[in-house]
2 protein chains.
Amino acid sequence: MNEEEAQKITSLLNFRHEENTIIAVIQDYKSKEILMVGNMNKEALFKTLTTGYLHFWSLSKKNLWLKGETSGNFQIIEEFKVDCDADAVLFKVRSLGPICHTGSYTCFYRSYDELINSKS
Amino acid sequence: MNEEEAQKITSLLNFRHEENTIIAVIQDYKSKEILMVGNMNKEALFKTLTTGYLHFWSLSKKNLWLKGETSGNFQIIEEFKVDCDADAVLFKVRSLGPICHTGSYTCFYRSYDELINSKS
């Protein structure tokens, strides 16, 4: 997507979540599994749209980061949707490797049984 | 899920998002389409887990709400997952009707083309 288009889309969204972000849901384009959820500020969304690679705003580290920068597991955008009130977006991606920092294919790997049987 | 189990799961999660919430991603159990994203505080999650119906905390209205309470379009939980850092959950649901307040099957219905061609 060119810069003009990315700027227009960024201007239409409502960055109303913490630290002026939107919620970004990441879904595997092929399997349709949910891979992760993150926050994007304007800059992260703009970079995501113009480069085709996922960028996020880290609420804990207070910095912009490119998904896959250290692991090499880049996530390439195939499809992009915006929700009804424009404060959440959906990216369908082609995954070049596990998205989760634990090495798991999806961040949503903890089941009801695992939680119930955990010790803490 | 009984109250004891729901209490345990609620206690394991990290309600670190705005107004002490977690992010809840809602996915159609059958089609695997993403339907919506919302926030849940402890009470909303507890009620969701114990009743089997989606409850959210509304950041704009500052109240707890049961999805489908006015529309009748209840969303029944079929599967539940927690993400790696325990601040987001995934509910796979059986949908008794359109989830979006616009009447759309999914809240993520706005495409790139629609946004680029919009007037504002």
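Accessible areas here come from the Shrake-Rupley method with a 1.4 Å probe. Keep that in mind for the surface stop of this tour, and remember that you are looking at a predicted model.

**Stop 1: chain A as a whole**

The accessible surface comes to about 5600 Å², and 48% of it belongs to carbon and sulfur atoms. Now hide the surface and switch to C-alpha atoms: along the principal axes, those of chain A fill a box of roughly 50 × 30 × 30 Å.

Trace the chain along its sequence and the pattern reads α-β-β-α-β-β-β-β-β-α. The radius of gyration of chain A is 15 Å, close to the 14 Å that the globule rule gives for 120 residues, so chain A is as compact as a globular protein of that length.

How much of chain A is buried? Of its 120 residues, 53% count as buried. If you draw the contacts in chain A between residues at least 6 apart in sequence, 43% of them join residues at least 24 apart.

**Stop 2: the annotated aspartates**

Zoom in on Asp83(A) to begin with. Look for it in the loop between strand E5 (75–82) and strand E6 (88–95) of chain A. Is Asp83(A) buried or exposed? Its relative accessible area is 4%, and buried means under 20%, so Asp83(A) is buried. Leaving out residues up to four places away in sequence, Asp83(A) touches Ala88(A) in its own chain, and also Cys107(B), Phe108(B) and Arg110(B) from chain B.

Now slide along to Asp85(A), which also lies in the loop between E5 and E6 of chain A. Here the relative accessibility is 37%, and Asp85(A) counts as partly exposed. Which residues does Asp85(A) touch, not counting those up to four places away in sequence? Select Asn14(A) and Arg16(A) to see them.

**Stop 3: both chains together**

Bring chain B into view. A rotation of 180 degrees, with 0.0 Å of shift along its axis, superposes chain B on chain A with an RMSD of 0.0 Å. The two copies are thus related as by a two-fold rotation axis.

Finish by colouring the interface residues. Of those in chain B, 100% are also interface residues in chain A, so the copies meet through the same surface.

Technical notes. Residues are numbered from 1 along each chain as its sequence is written. Chains are lettered from A and ligands numbered from 1 in the order in which they are written. This is a predicted model: local features need pLDDT of at least 70, side-chain atom pairs count only at pLDDT 80 or more; totals for chains, interfaces and linings use all residues. Side-chain values use heavy atoms; hydrogens and water are left out. Helices (H or I, at least four residues) and strands (E, at least two) are DSSP runs, numbered from the N terminus. Buried means under 20% relative accessible area, exposed over 50%, partly exposed in between (1.4 Å probe, protein chains only). Contact means heavy atoms within 4.5 Å. Copies are superposed by least squares on the C-alpha atoms of residues with pLDDT of at least 70 in both. The radius of gyration is taken over C-alpha atoms; the globule rule is 2.2 Å times the number of residues to the power 0.38.
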